[in-house]
Amino acid sequence: MAAQAPTLQVPKDADLLQAQSDLWRHSLCYMTSTGLRCAIKLGIPTAIHHLGGVTSLPDLITALSIPPAKLPFLRRLMCMLVTTGVFAKADSGPEGTELFRLNALSSILVEGIDADEHHCQTSFVLAATSSHYLEASLGLADWFKKDFGEGPPPSPFEEVHGAPLLDEKTASICPELDKLVIEGVEAHDNLGIGTIMRECHDLFKGLESLTDCCGGDGTTARAIAKAHPHLKCNVLDLPKVIEEAPAHDVINFVAGDMFHTIPPAQAVMLKVTSSFSQSQASAFNMHGRIISSPNVYYETYYAWINFLTLLLACAAPLG
């Protein structure tokens, strides 16, 4: 005789209503990221910047060359993005005109700005919301059920597409995705370098040499070398990244894989450590100083990083 299933305790009314609300939020939260992607593809952050940082919907729809009949729908999009913190509402204009403005988040999505501390993050968003990421996410249940036998399993991304991210083979999946991922990682890594130089200036005192792992185009290393002219800086990254890096008379660019060999230096700078597997992390058992760029240690941040690590790198979860 089959064992009787335990009785399910019915939630209280208040808990049930909250559960229904949470279910809607979880089920439809993808609309936040797709709405953000839509705003970037339309060029909304850049358009608002060119309009002085604040705009009405009629001015915005004209700047974007969107048919006027779409104005009510653009308003719905903007209101959702205000609610999720992408944009902000400004004080009403003449006759109570509804106004929208840039905030800190949307300001880093403005394209075409040439400034030392502005690193546009649009490539990061477009890569993270691409169909390739979504397909890997939708196949996650099948990945859990599949037995890959001995050895570490491939990431869900690699299982679906046949190649991992940030790999020499990534371009074979989609050259555009490969370009977006590389640009997105570089922009993400370089975003906080100004803050690092101001808040962690003393961290580099006493050093004579530094290797920046996954240093991309050398933006971070150039900022460090500018602040500490005596410091000899190496930039290590994959060959396809180093090939595109601009030449520099101070920075030494090295093509390679940090899990195989790292150019010798007194300190190694690691800016993206959350996707390392346990075996990869053990490769950094070295004598010297490891500098990890500061990040925001919030519970939500760790939850997202853990999920992305599983989806893209299949690494051990964070502690």
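Me: Between which limits of relative accessible area is a residue partly exposed, and what value does Glu 98 have in this predicted model?
Reply: Buried means under 20% relative accessible area and exposed means over 50%, with partly exposed in between. Glu 98 falls in the partly exposed class, because its relative accessible area is 22%.

Me: Which residues are joined with Glu 98 into one salt-bridge network?
Reply: Glu 98 pairs with Arg 75, where the closest N and O atoms are 2.8 Å apart. Lys 89 also forms a salt bridge with Glu 98, at 2.9 Å between the closest N and O atoms. Through shared partners, the residues joined with Glu 98 in one network are Arg 75 and Lys 89.

Me: How many residues apart in sequence are the parts that Glu 98 and Arg 75 tie together?
Reply: Arg 75 belongs to helix H5, whereas Glu 98 sits in the loop between strand E2 (87-90) and E3. The pair therefore links parts whose separation in sequence is 23 residues.

Me: Why are Asp 22 and Arg 25 separated by about one helical turn?
Reply: These two residues form a salt bridge, with 3.3 Å between the closest N and O atoms. They are about one helical turn apart because both lie in helix H1 (residues 13-28), at a spacing of three residues.

Methods
Residues are numbered from 1 along each chain as its sequence is written. This is a predicted model: local features need pLDDT of at least 70, side-chain atom pairs count only at pLDDT 80 or more; totals for chains, interfaces and linings use all residues. Side-chain values use heavy atoms; hydrogens and water are left out. A salt bridge is a side-chain nitrogen of Lys or Arg within 4 Å of a carboxyl oxygen of Asp or Glu. Helices (H or I, at least four residues) and strands (E, at least two) are DSSP runs, numbered from the N terminus. Buried means under 20% relative accessible area, exposed over 50%, partly exposed in between (1.4 Å probe, protein chains only).
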